[in-house]
Amino acid sequence: MTGEMDGQQIQDAVREKYARVAESAEGLFQYATGREGARALGYEEQTIAKAPPELMTSFCGVGNPLSLGHLRKGEVVLDVGCGAGFDLYVASRILGEHGLALGVDLTPEMVSVAKQNLERAGVRNAEVRQATCEALPHESATVDVVISNGVFNLFPNKPRSFAEVFRVLKPGGRLQFADIVLDEDLPREIVGSLEAWSN
Ligand SMILES: C[S@@+](CC[C@H](N)C(=O)[O-])C[C@H]1O[C@@H](n2cnc3c(N)ncnc32)[C@H](O)[C@@H]1O
C-alpha cells in the first residue's frame, strides 16, 4: 500500500494517463516531449530526422538510455515501458537484422501505436507486447540489455519490477535506464495524489 492507495489504483491512473499520451504527449508533461524533447535529450539529429513523425508524437522520455552503453549487433534488447516505440526504433537500427528489439508496455493504446509506428518505419526486428514490468512475459536469462526511459518511477512495486528485470537478463547482461529521482521528500498531499503518481 502507498498511503490510501494500492498498487492497482496507481496502475489504473497510470494507464489512463498514458492512453491519452498515446494520441500525443503535447501539453501533458512539464518537460519537452516529441521531436523537441528528443533533441533536448541529445539523440542524434539524423536519427530524429529520419524517424516518421508519428513515432515522435508520443515520445516522453526523460533521458537517453542508449547513450549509457553500446549495444552490439545481434543482441537482444528489452525496452520496459517502451511507449510509442522511439527507443525501440533507435535500438533496432543498431542491433541489425540478427538482433531483436523487444518492447513491453502496460497501456494497450501505447502498444498498438508502437506496433503501427514500427511497421510504418519499416522495422522488422522488433516485437511489442502488452505486459507489466512486474510480470514480464519473457523467459529467464534471454535478454542482453534491458533499457527503460522514464518508467521505473511509475511502478508501485519497484522491488518486484527490478527482480523481473534481473530474472530476464542473461548472466552479465546490462541494465541502462533513464528516470526521474527525488532529491528530497515530497509533501504528504503529493505522495497521496494519484495524479502526481501518473505524471
Ligand atoms: C513516461 S512514458 C515513457 C515512454 C517511452 N519510454 C518514451 O520514452 O517515450 C512511461 C511509459 O511506461 C508505461 N508503464 C507505466 N507503468 C508500467 C508498468 N508497470 N509496466 C510496463 N509499462 C509501464 C506507460 O504506459 C508509458 O508508456
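In helix α5, the residues Phe86, Asp87, Leu88, Tyr89, Val90, Ala91, Ser92 and Leu95 are buried, where buried means that 20 or more other C-beta atoms, placed from the backbone, lie within 10 Å of a residue's own. Because eight of the ten residues of α5 (residues 86–95) are buried, this helix is largely enclosed by the rest of the structure. Helices here are DSSP runs of H or I with at least four residues, strands are runs of E with at least two, and both are numbered from the N terminus. After α5 comes Gly96, which has a positive phi near 75°.

The model is a predicted one, in which local features need pLDDT of at least 70 and side-chain atom pairs count only at pLDDT 80 or more, while totals for chains, interfaces and linings use all residues. Residues are numbered from 1 along each chain as its sequence is written.

Two residues are in contact if their C-beta atoms, placed from the backbone, lie within 7 Å; the table leaves out partners up to four places away in sequence.

| Residue | Contacts |
|---|---|
| Ala84 | Ala22, Leu55, Thr57, Ser58, Phe59, Met110, Val113, Ala114, Asn117 |
| Leu106 | Gln11, Val14, Arg15, Thr132 |

Leu106 lies in the loop between β2 (100–105) and α6 (108–120), and Leu106 is buried because 20 other C-beta atoms lie within 10 Å.

Technical notes
A residue is buried if 20 or more other C-beta atoms lie within 10 Å of its own, exposed if 12 or fewer, and partly exposed in between; C-beta atoms are placed from the backbone.
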